[in-house]
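User: I'd like to learn how to read a structure like this one. Can you walk me through it, one feature at a time?

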Amino acid sequence: MVSREVVPSRKSRNVTQRPLEAYIGEGLTLKGSVSGETDMDIDGRVEGSIHLRGHVRVTERGQLTGPMTVTSLTALGRVVGDVWATDSVHVGETGRVVGDVRAARISLDDGGLLDGTIDMDVELPAGLLEAP
């Protein structure tokens with residue numbers, strides 16, 4: 001277990017307040033799939049799929065190539081691949097997401113880039129879309 005604590009940045013709204021358990025450091029490249037129930041920070045490169053019941057933060061130096069299914073994502077670096085978050089996706093001002101995004105909540109800071117479709121998986125109140 002990595003002994004550093006996750007500290008939310010001023011721009012990040014989705015970071016949890018529990019110890020960080022998975023960390024891909026700068027200079028590391030991980031090829032393959034990652035799955036589990038933990039939060040993860042990516043300062044290096046991940047090439048493959050991610051399936052985590054937890055928060056994933058791709059830092060300014062981080063790169064992720066591949067699809068992901070997570071609880072929430074903060075993209076401050078580069079993400080290439082479709083994202084399905086059961087809670088939220090936040091693209092920071094230095095973040096780049098290239099792929100389709102599906103989440104209940106999606107936020108994009110000025111300067112952030114999202115190149116793909118957005119599907120906000122929410123239930124609308126009954127009758128909202130009916131013609132008067």
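Predicted model: local features only at pLDDT ≥ 70, side-chain atom pairs only at ≥ 80, totals over all residues.

User: Let's turn to charges. How many salt bridges does a search of the whole structure find?

Analyst: The idea is to look for a side-chain nitrogen of Lys or Arg within 4 Å of a carboxyl oxygen of Asp or Glu. Searching the whole structure that way gives 8 salt bridges. One of them joins the side chains of Glu47 and Lys31, at 3.9 Å from N to O. Glu47 belongs to strand β5 (residues 45-47) and Lys31 to strand β2 (residues 29-31), so this pair ties together parts that are 16 residues apart in sequence.

User: How open are those two, buried or exposed?

Analyst: Take them one by one. Glu47 is partly exposed, with a relative accessible area of 26%. Lys31 is exposed, at 63%.

User: What else does Glu47 meet in a salt bridge?

Analyst: The side chain of Arg45, with 2.5 Å between N and O. Arg45 is partly exposed too, at 35% relative accessibility.

User: Are Arg57 and Asp41 buried or exposed?

Analyst: Both are buried, and that takes a relative accessible area under 20%. Arg57 and Asp41 form a salt bridge, with their closest N and O atoms 2.6 Å apart. Because Arg57 lies in strand β7 (residues 55-58) and Asp41 in strand β4 (residues 40-42), the pair ties together parts that are 16 residues apart in sequence.

User: Which residues do salt bridges that share partners join into one network?

Analyst: Glu26, Asp43 and Arg61 are joined in that way.

User: What about rings: how many aromatic pairs does a search of the whole structure find?

Analyst: In general, you describe a pair of aromatic rings by the distance of the centres and the angle of the planes. Here, the search of the whole structure finds 0 aromatic pairs.

User: Then what sits over the ring of Trp84?

Analyst: That's the charged end of Arg102, placed 4.9 Å from the centre of the Trp84 ring.

How values were computed. Residues numbered from 1 in each chain as written. Heavy atoms only, no water. Helix = DSSP H or I, 4+ residues; strand = E, 2+ residues; numbered from the N terminus. Buried < 20%, exposed > 50% of the residue type's maximum accessible area, 1.4 Å probe, protein only. Phe/Tyr/Trp six-rings, centres within 6.5 Å; stacked < 30°, edge-to-face > 60°. Lys NZ or Arg CZ within 6 Å of the ring centre and 35° of its normal.
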